Amino acid sequence: MIHKLSDVQSNTIGKDTNIWQFCVVLPKAKIGDNCNICSNVFVENDVVIGNNVTIKCGVQLWDGVTVEDNVFIGPNVTFTNDLYPRSKQYPEKFYKTIIKKGASIGANATIVCGHTIGENAMIGAGSVVTKDVPAGELWLGNPARFIKKIEV
């Protein structure tokens with residue numbers, strides 16, 4: 001289901017994926033099956049979203065972001081793709097950010113580009129991720145830091 005008040009330009013949208021109102025999905029974006037893309041989400045061209053992904057309201061996925069299967073992205077999570085942004089000055093290539101299978105990112109977290117969040121890792125609400133997060137770990141704070149190992 002693609003809501004009539006969204007602007008979905010991509011033809012690569014999986015089966016049983018819902019895209020709600022006021023979303024924008026650019027033409028080269030790829031979204032898998034059984035995803036829920038809540039309202040006011042922006043998905044740029046060089047973005048891949050796997051299967052069974054939930055992206056809550058107010059999230060922007062910029063060029064270079066890959067989201068693997070079974071990921072949860074909470075409301076207003078912020079991604080970046082340029083470490084030194086300037087108006088009208090674009091890098092030759094954007095940094096890649098990978099959110100691995102089964103990871104969860106809490107509301108209002110910021111994910112600085114160029115990092116990987118490992119399988120089944122959890123990022124606490126409001127945290128700022130400035131380095132790679134290993135699989136199966138809970139990270140919290142600003143900057144985010146290791147809290148404990150978690151079980152799936």
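## Contacts along the chain

Let's start with how the protein chain touches itself. Among contacts between residues at least 6 apart in sequence, 16% join residues at least 24 apart. Keep in mind as you look around that this is a predicted model.

## Overall form

The protein chain has 152 residues, and its radius of gyration is 15 Å, which agrees with the value near 15 Å that a compact globule would have. Along the principal axes, the C-alpha atoms fill a box of roughly 45 × 40 × 20 Å.

Of the 152 residues, 41% are buried. The accessible surface of the protein chain is about 8100 Å², and carbon and sulfur atoms account for 51% of that surface.

## Strands and their sheet

What does the secondary structure consist of? The protein chain has zero helices and 20 strands. Eight strands build an open sheet with mixed pairing, in the order S2-S5-S8-S11-S14-S17-S19-S20. Strand S2 (18-19) and strand S20 (145-149) stand at the edges: each has a single partner strand, so one side of each is left without a neighbour in the sheet.

For a look inside this sheet, take strand S5 (residues 36-37) and strand S8 (residues 54-55), which pair in the parallel sense over two bridges. Here isoleucine 37 has isoleucine 55 in S8 as its bridge partner.

## A patch on the surface

Now turn to leucine 83, which lies in the loop between strand S12 (78-79) and strand S13 (97-99). Its relative accessibility is 36%, so leucine 83 counts as partly exposed. Together with Tyr84 and Tyr95, Leu83 forms a nonpolar surface patch, and the three share about 340 Å² of accessible area.

Notes: Residues are numbered from 1 along each chain as its sequence is written. This is a predicted model: local features need pLDDT of at least 70, side-chain atom pairs count only at pLDDT 80 or more; totals for chains, interfaces and linings use all residues. Side-chain values use heavy atoms; hydrogens and water are left out. Patches are made of residues with over 30% relative accessible area and no salt bridge: like charges are joined within 9 Å, nonpolar side chains (Val, Leu, Ile, Met, Phe, Trp, Tyr) within 5 Å. Accessible areas come from the Shrake-Rupley method with a 1.4 Å probe; for residues, only the protein chains shown count as cover. A salt bridge is a side-chain nitrogen of Lys or Arg within 4 Å of a carboxyl oxygen of Asp or Glu. Helices (H or I, at least four residues) and strands (E, at least two) are DSSP runs, numbered from the N terminus. Buried means under 20% relative accessible area, exposed over 50%, partly exposed in between (1.4 Å probe, protein chains only). Two strands pair if DSSP finds at least two bridges between them. The radius of gyration is taken over C-alpha atoms; the globule rule is 2.2 Å times the number of residues to the power 0.38. Contact means heavy atoms within 4.5 Å.
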